[in-house]
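Here are my notes on this one, as numbered points. Have the model open while you read.

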Amino acid sequence: MASDQFRQVEPGWPFFVASVKPLIFRPIAGLFHYDYDPMPDYPQIFLNAKRSHALDGFHPWILDRSVIDPTLPLPPGTIVDCLLPSGASLGRGIYNPNSRIRIRLYQKTLAEDLDEAWLLRQLERACNLRNFWMSRNHNLDALRLVNSEGDGLSGVIIDRFGDCVVIQLTAYALLPWLDLIADWIESKFAPQAIFLRIDAATAKQEGLESKDELLRGIPPTGPLQIVENSVKLAIDLSASQKTGYYLDQRANRAAAARWIEAGPLLDVCCYVGGFSLAARQWTPATEITAVDSSLRALEGAERNLQLNGFPAIDFVQADCFDYLEHLVSENAQFQTVILDPPRMASHRGQVAAAIRAYHRLNLNAVRILSPGGLLVTCSCSGRVSREDFAGLLGAVSRKTKRRLQILESRSADFDHPVDTTCLESEYLKCLICRVE
Ligand code: SAH
């Protein structure tokens, strides 16, 4: 597939200039390391060594500014070899002229092919990791099978919910292999249905069409039932956020429950009730108030409450900022506050505003916490670092003159592995704190 694509490409002048450049370096670079191939199987892309983010350890995203000639006339999905001006290879990846992430790097050497066998190997590897964990712990009927960069498959997320599987593409790169991915899922799990999701933001960034559709099989007639931390959850794949449910918080819901004492609990941004229901199942928390701006999410949460036959929860449809301010003005007091707001920063320019927003939420949460209360505070903004997030809690502590102790500093659950070359993908922070 790749070599056919290469033959279709008209190299043009920019490509010629970029190709000639390393020839000049050949006599010197060749003494050390030299991977330039005058008859390559794949187009060779030359990277700007100084600006190449990828140089700092094979980062899987090579941005447009790191490519010497970003106007190369290569169609999206073209397999390319990445070379430094010296001729040394950086690895093999997939090109997308429509994305700021111009190349997604999948191989660290040019020795291995980027073909169907490679893709199947990666999928198997990801699946074996989950099976290994489950063989040592317990079986799960809902889990993330493939976590994009974390499993060496940048741009592909695959979540399994019982008999249904959701593929979420966050990049164009592996779209041409969608059928192969779906075949693999069918042969491995024989699911009732496979869904495809491409959200509007990805579609815009990657030059794609957004999608939310049934890819294969028969859609379930109603919500699917899964079990998490011994809590039953009905997941409606036809009306859900992300792939259907926030599987990343599974272990954090259980961890928070280990600290929750008797007394009133506030669950802010509750979605379909993950934290509240774990609290109902495992803790002596008394009155629970759960807030979300989405009516659909709250209907799902109410359905989940009924499914488990738990005592009532007060579900409130409100904006999290306004509602917390309202509670402060009412002098409300809670023993536990859980904050799990949506992503606040999707690019660097939004980080400062995101930190201010987190500060405001956490400040008001601390104001309504009883002495000795528990704050479970989360951030799913990859751009906001763990240090900055913990730092803003320090600012809240200074402002309220109350000591905040971090009891646990947690991330996403085991089925969301993080690749050390792409630490930005470790987006989730969940800090469990005691507030004096
Ligand atoms: N805590 C949840 C996941 C939360 S995801 C769990 O354990 O599964 C973030 C949630 O915030 C979503 O349900 C979304 O509907 C909600 N949300 C987004 N903006 C909001 C706002 N301004 N106020 C309140 N809720 C909001």
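1. For a pair of axes, angles under 35 degrees count as roughly parallel, over 145 as roughly antiparallel, 65 to 115 as roughly perpendicular, and the rest as oblique. Axes are lines fitted to C-alpha atoms, for helices over the stretch in contact, and angles run from 0 to 180 degrees between N-to-C directions. Helices (H or I, at least four residues) and strands (E, at least two) are DSSP runs, numbered from the N terminus.

2. Now the provenance. This is a predicted model, where local features need pLDDT of at least 70 and side-chain atom pairs count only at pLDDT 80 or more, while totals for chains, interfaces and linings use all residues. Residues are numbered from 1 along each chain as its sequence is written, and side-chain values use heavy atoms, with hydrogens and water left out.

3. Take helices H9 (residues 320–329) and H10 (residues 351–367). The crossing is left-handed (the near helix is turned anticlockwise from the far one by less than a right angle; clockwise would be right-handed). On the H9 side the contact (heavy atoms within 4.5 Å) involves Cys320, Phe321, Leu324, Glu325 and Val328, and on the H10 side Ala357, Arg360, Leu361, Asn364, Ala365 and Arg367. By class that is 7 nonpolar, 1 polar and 3 charged residues, with Ala, Val, Leu, Ile, Met, Phe, Trp, Tyr, Cys and Pro counted as nonpolar, Asp, Glu, Lys and Arg as charged, and the others, Gly among them, as polar.

4. H6 (residues 250–259) and H7 (residues 274–282) are another pair to look at: their axes come within 9 Å and cross at roughly 45 degrees, which makes H6 oblique to H7. This crossing is right-handed. Asn252, Arg253, Ala256 and Ala257 of H6 meet Gly274, Phe275, Ala278 and Trp282 of H7, giving 5 nonpolar, 2 polar and 1 charged residues.

5. What is the strand order in the open sheet of 7 strands? It reads E15-E14-E13-E16-E17-E19-E18, with mixed pairing (two strands pair if DSSP finds at least two bridges between them). E15 (314–317) and E18 (404–410) are the edge strands, each pairing on one side only. Neighbouring strands are turned by 15 degrees against each other on average, direction ignored. E13 (residues 263–268) runs parallel to E16 (residues 334–339), joined by 4 bridges, and Leu266 stands opposite Val337 in E16. H6 packs on this sheet through E17, E18 and E19, at about 145 degrees to E18. H9 packs on the sheet too, touching E13, E14, E15 and E16, at about 155 degrees to E13.

6. There is also an open sheet of 5 strands, ordered E6-E7-E8-E9-E10, again with mixed pairing. E6 (142–147) and E10 (211–217) each have a single partner strand, so one side of each is left without a neighbour in the sheet. The twist averages 20 degrees from one strand to the next. E6 pairs with E7 (residues 156–161) in the antiparallel sense over 5 bridges, and Leu143 stands opposite Arg160 in E7. Helix H3 (residues 116–136) lies across E6 and E7, at about 145 degrees to E6.

7. Last, the salt bridges (a side-chain nitrogen of Lys or Arg within 4 Å of a carboxyl oxygen of Asp or Glu): the count comes to 20. One to check is Glu206 with Arg104, at 3.2 Å, N to O. Glu206 lies in H5 and Arg104 in E5, so the pair ties together parts that are 102 residues apart in sequence.
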